[in-house]
Amino acid sequence: MKKIYLAILLTCLSTSCFAAPLLTADDFMPPIQAPEEQRESLRTVQHPEEIHTFTSPDSNITTTTARTLQDAINDFIKSHTTTGAKRIGTPDGNYAYVATGLGVYDKSMRNINAVRLSQRAAYLRGLMNAKVELSKMLSDMEIAGMEILANQNDNSNTADSSSTSLGIAMHEKGDSNVAAVLKGYVTYDTFDDGEGTVYVTIVSTPKTMGKYSRPVNDTLLADNVRDGMNAILAEIQSGVVPPVGGRIVDVPNTGEIAFVGFGSALVQRASNPAMRANLRINAGKIAVMRAERELCGIITGDKVNGQASYRESLKQEFTEDFTAIEAVDPMNNLVSSNDLEQVNNAKSNFSHIQNFNEAITTAARGILPPGVNRSSWFDDEGVWAYAVAIYVPSITNRAASDAQMMRDSQILQPVQTEQEIKKRQEQERLIQGPMYNDSGKFKPGVTGTIKQNL
């Protein structure tokens, strides 16, 4: 009985089995985004009359409370024009944090590959900016600034003329630096306005930070592993999958939560079938690596450093010259238009220079634990490769103990039955995903609220 249990468990610890015990085409289809009306309802504040904002007298931090955590978050992102961060009071008396960043992509380029790559870069930039905004909320921020104003006035008079000049010069500069280590942040909402601007909202709550991530018991049955992973993958595939960031998923039967990192990569266009197949394979691998990196940042810590500086100079000069009028018409005492132009001659020069520099680095370095599940698929046109990397604490514990058992065991080369060989071939065929069917048309990026129990 023990051997049977071990065989089942080791089989379930393989990547393909976690994707689904009995693979079907649906397991590798692109994720089904929620209908437009459902996406809008997920962003709607259900009880606006219970939104309250106050400033804490001890920390001077503004906090928003609502009946539900989702209402408080949606109140912050409802216009999709807000960037920054806010502290939210949870119904149980704790605090959560929400931050939004934006990125911009260029739709005017003729190369569709360039437009798509620019679009993904906008999502990444939005995520990085959101991390910086969250860091500003949670960490100290170093600020330096200086302003200089110079004012100069010169007057000159002779027997025949007078002149005056006024010069104003202003110089301003500022620097800011913030550094933090973020853990337990998840992607809550993404929004692409279709015109080149992308908003990414992340949330950090006690739950996403692992407060409830422990299993309720130390023993996990093989059936629970399969059922739990299938439920996770089904939930991911039935919701919005952003190209960057991550989310959490409640695991049935264990009372814990799973941490999920998302990854994506563009399948480059190529006319040669062999080259296209290789580019497709490479895109899938890159998507998996990006999902692993996002997961690593969420569960082991993402080092965020944001530096920004600006320099601004303004200079304005006024000069007026007044020259005595000699050619006066003796008949009507009128002056010529040239004389009037000379009297009213006033010169004004204005110049303004502004320079802004920003550098954001987010770096994650750590070791993903054993038992992390990885799955990848392609969209319906075969243009984008998507991937997830999933960490479940109880599976890691079981995988670690089984790995030790494997190291201590002497294993002979297993003999595969004909039925097992056919099953493996069928799995490999399904994993290939949809055929390449690139329409060559640009599509707006992923937009929607990532439904999750925060």
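Predicted model: local features only at pLDDT ≥ 70, side-chain atom pairs only at ≥ 80, totals over all residues.

Student: Okay. Which backbone oxygen does the side chain of T190 reach?

Tutor: That of V446, at 3.1 Å.

Student: Where is T190 placed?

Tutor: In strand β7, which covers residues 185-192.

Student: Is T190 buried or exposed?

Tutor: Buried, because its relative accessibility is 0% and the cut-off for buried is under 20%. Leaving aside neighbours within four places in sequence, T190 touches several residues, including R43, Y123, P242 and I450.

Student: What's the strand order in the open sheet?

Tutor: The order is β1-β2-β3-β4-β8-β7-β15. There are 7 strands, and the pairing is mixed.

Student: Which strands stand at the edges?

Tutor: β1 (52-55) and β15 (448-449). Each has a single partner strand, so one side of each has no neighbour in the sheet.

Student: How many bridges join β4 to β8?

Tutor: 8, and the two strands run antiparallel. G103 stands opposite V198 in β8.

Student: New topic. Which helix holds M137?

Tutor: Helix α5, residues 112-138. M137 is partly exposed, at 23% relative accessible area.

Student: What does M137 contact, leaving aside neighbours within four places in sequence?

Tutor: I61, A85, K86, R87 and Y97.

Student: And how far apart are the C-alpha atoms of M137 and V178?

Tutor: 9.9 Å, with the two residues 41 apart along the chain.

How values were computed: Residues numbered from 1 in each chain as written. Heavy atoms only, no water. Helix = DSSP H or I, 4+ residues; strand = E, 2+ residues; numbered from the N terminus. Buried < 20%, exposed > 50% of the residue type's maximum accessible area, 1.4 Å probe, protein only. Polar contact = N/O pair within 3.5 Å; in protein donor to acceptor, adjacent residues only side chain to side chain. Contact = heavy atoms within 4.5 Å. Pairing = 2+ DSSP bridges.
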